[in-house]
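User: I would like to go through this structure with you. Could we begin with the terms and then move to the details?
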Amino acid sequence: DISSHPFADNPLVFIAPVGHPLAGRRGLTWGDLAQWPLLMREAGSGTRLAIERAFRANGWPFAPRMVIASNEAIKESVLAGLGIAVVSRHTLHHAGGEDLVELDVEGFPVRTVWSVVHWRRKVFSPAAEAFLAHLGVNVGSQVQPVSQRMPSRVCSNSRHSPPPLHKP
């Protein structure tokens, strides 16, 4: 009953402050990273799930030092020197990103995809349809065009009907 439509790549990368000892080094391994506190998103977040999977696949222990519920707070914590973190590469292009660097870590970036997920029989509002079109998402033919589903009157009760249009 659910439909999913991918619309953008979401690479997950390790980050550190510009002056960090790992910044600028190539081919970092878990051994290089393990000595630094790991800051991570909360359990249940998409980033956290993808990173837990990547750590398992690489045989790395997953033991975040601090769990933080927002990307902005994670970036600020990394800037403050509290540790290194894994975030979406897209977050580096926002405020604070110029003081952070992506670390070159073997097996990274972890590739994930952002998707629009909805009930298969969902009827979208015109605003939602415009947003989906902006994202380049085609939800398919299961959705009726707006013109076929918009009622001519909001409510059959005349007290709640829109006022008649008057032509001058």
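Analyst: Helices (H or I, at least four residues) and strands (E, at least two) are DSSP runs, numbered from the N terminus. This is a predicted model, in which local features need pLDDT of at least 70, side-chain atom pairs count only at pLDDT 80 or more, and totals for chains, interfaces and linings use all residues. Residues are numbered from 1 along each chain as its sequence is written, and side-chain values use heavy atoms, leaving out hydrogens and water.
User: Where is S70 found?
Analyst: S70 sits in the loop between β4 (66-67) and α3.
User: Is S70 buried, exposed or partly exposed?
Analyst: S70 is partly exposed, at a relative accessible area of 30%; buried means under 20%, exposed over 50%, and partly exposed in between (1.4 Å probe, protein chains only).
User: What lies 2.9 Å from a polar atom of its side chain?
Analyst: The backbone nitrogen of A73 is 2.9 Å from a polar atom of the S70 side chain.
User: Turning to α3, which residues are buried?
Analyst: In α3 (residues 71-79), the buried residues are I74, K75, S77 and V78. They lie on the same side of α3 because they cover an arc of only 160° around the axis, taken from the directions from the helix axis to the C-beta atoms.
User: What covers them?
Analyst: The cover includes β2 (12-17), β3 (38-40), β5 (84-88) and β6 (100-102), where contact means heavy atoms within 4.5 Å.
User: And what follows α3?
Analyst: G81 follows α3, and its phi is positive, near 85°.

Definitions and conventions:
A polar contact is a pair of N or O atoms within 3.5 Å; within protein, one must be able to donate a hydrogen and the other to accept it, and residues adjacent in sequence count only if both atoms are side-chain atoms.
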